[in-house]
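Have the sequence and the 3D view open as you read.

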Amino acid sequence: MLSREGYEYLENKLMDEKRKRKLEESAQSGSTNTVIDPPSLIKRHVKWKMARTKKTGQMTSEAAKEIAKKIVSHFQLIIVIIYVYCVIE
């Protein structure tokens, strides 16, 4: 759930986590000559869902839970469409 800092704080926190993961992955690969690209931006739907998820993992309301389900199904559909399009070509 969002604290008083809002979306900006949430985005900074998520970006820091992504950066940390990228650094850990490059350290595990053992390559010292690799350039670490900056992490991609956090998508809006991810921030929206994180802002409405409690620390326990539950959504803040039933309405938020229903919208989150629609978001997930929408992105699953997009992935299937892209996959089918790439396989046909």
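Which residues of α3 are buried? They are A64, A68 and I71. Please keep in mind that this is a predicted model. The sections below set these residues in context, beginning with the chain as a whole.

## The chain at a glance

The chain has three helices and zero strands, and from the N terminus on its elements run α-α-α. Of the 89 residues in the chain, 16% are buried.

Taking contacts between residues at least 6 apart in sequence, 45% of them join residues at least 24 apart.

## Helix α1 and its end

Helix α1 covers residues 6–29. With 24 residues, α1 reaches 35 Å from its first C-alpha to its last, close to the 34 Å expected at 1.5 Å a residue. Just after α1 comes G30, which takes a positive phi of about 80°.

The buried residues of α1 are G6, L10, L14, M15 and S26. What do the buried residues of α1 pack against? Their partner is α2.

## Where α1 meets α2

The axes of α1 and α2 come within 11 Å and cross at roughly 110°. An angle of 65 to 115 degrees counts as roughly perpendicular, so α1 and α2 are roughly perpendicular to each other. From α1, the contact is made by Y7, L10, E11 and L14, and from α2 by K47, W48, M50 and A51. By class, the residues of this contact of α1 with α2 divide into six nonpolar, no polar and two charged.

K47, in helix α2, deserves a look of its own. Is K47 buried or exposed? At 14% relative accessibility it counts as buried, because the cut-off for buried is under 20%. Leaving aside neighbours within four places in sequence, K47 is in contact with Y7, L10, E11, L14 and I42. Of these, Y7, L10, E11 and L14 are the α1 residues that make the contact with α2.

Helix α3 (residues 62–88) has 27 residues and reaches 39 Å from its first C-alpha to its last, close to the 39 Å expected at 1.5 Å a residue. What covers the buried residues of α3? The cover includes α2, residues 44–51.

The two helices pack at an angle of about 155°, with their axes 11 Å apart. Angles over 145 degrees count as roughly antiparallel, and α2 and α3 are therefore roughly antiparallel to each other. In passing α3, α2 makes a left-handed crossing. On the α2 side the contact is made by H45, W48 and K49, and on the α3 side by A64, I67, A68, I71, V72 and F75. The contact of α2 with α3 has seven nonpolar residues, one polar and one charged. The buried residues A64, A68 and I71 of α3 are among those that make this contact.

W48 lies in helix α2.

Which residues does W48 touch, leaving aside neighbours within four places in sequence? The list is Y7, M59, A64, I67, A68 and I71. As for W48 and A64, they are 16 residues apart in sequence and 9.5 Å apart in space, C-alpha to C-alpha.

How values were computed:
Residues are numbered from 1 along each chain as its sequence is written. This is a predicted model: local features need pLDDT of at least 70, side-chain atom pairs count only at pLDDT 80 or more; totals for chains, interfaces and linings use all residues. Side-chain values use heavy atoms; hydrogens and water are left out. Helices (H or I, at least four residues) and strands (E, at least two) are DSSP runs, numbered from the N terminus. The expected span of a helix is 1.5 Å times one less than its number of residues. Buried means under 20% relative accessible area, exposed over 50%, partly exposed in between (1.4 Å probe, protein chains only). Contact means heavy atoms within 4.5 Å. Axes are lines fitted to C-alpha atoms, for helices over the stretch in contact, and angles run from 0 to 180 degrees between N-to-C directions. Angles under 35 degrees count as roughly parallel, over 145 as roughly antiparallel, 65 to 115 as roughly perpendicular and the rest as oblique. A crossing is left-handed if the near helix is turned anticlockwise from the far one by less than a right angle, and right-handed if clockwise. Ala, Val, Leu, Ile, Met, Phe, Trp, Tyr, Cys and Pro count as nonpolar, Asp, Glu, Lys and Arg as charged, and the others, Gly among them, as polar.
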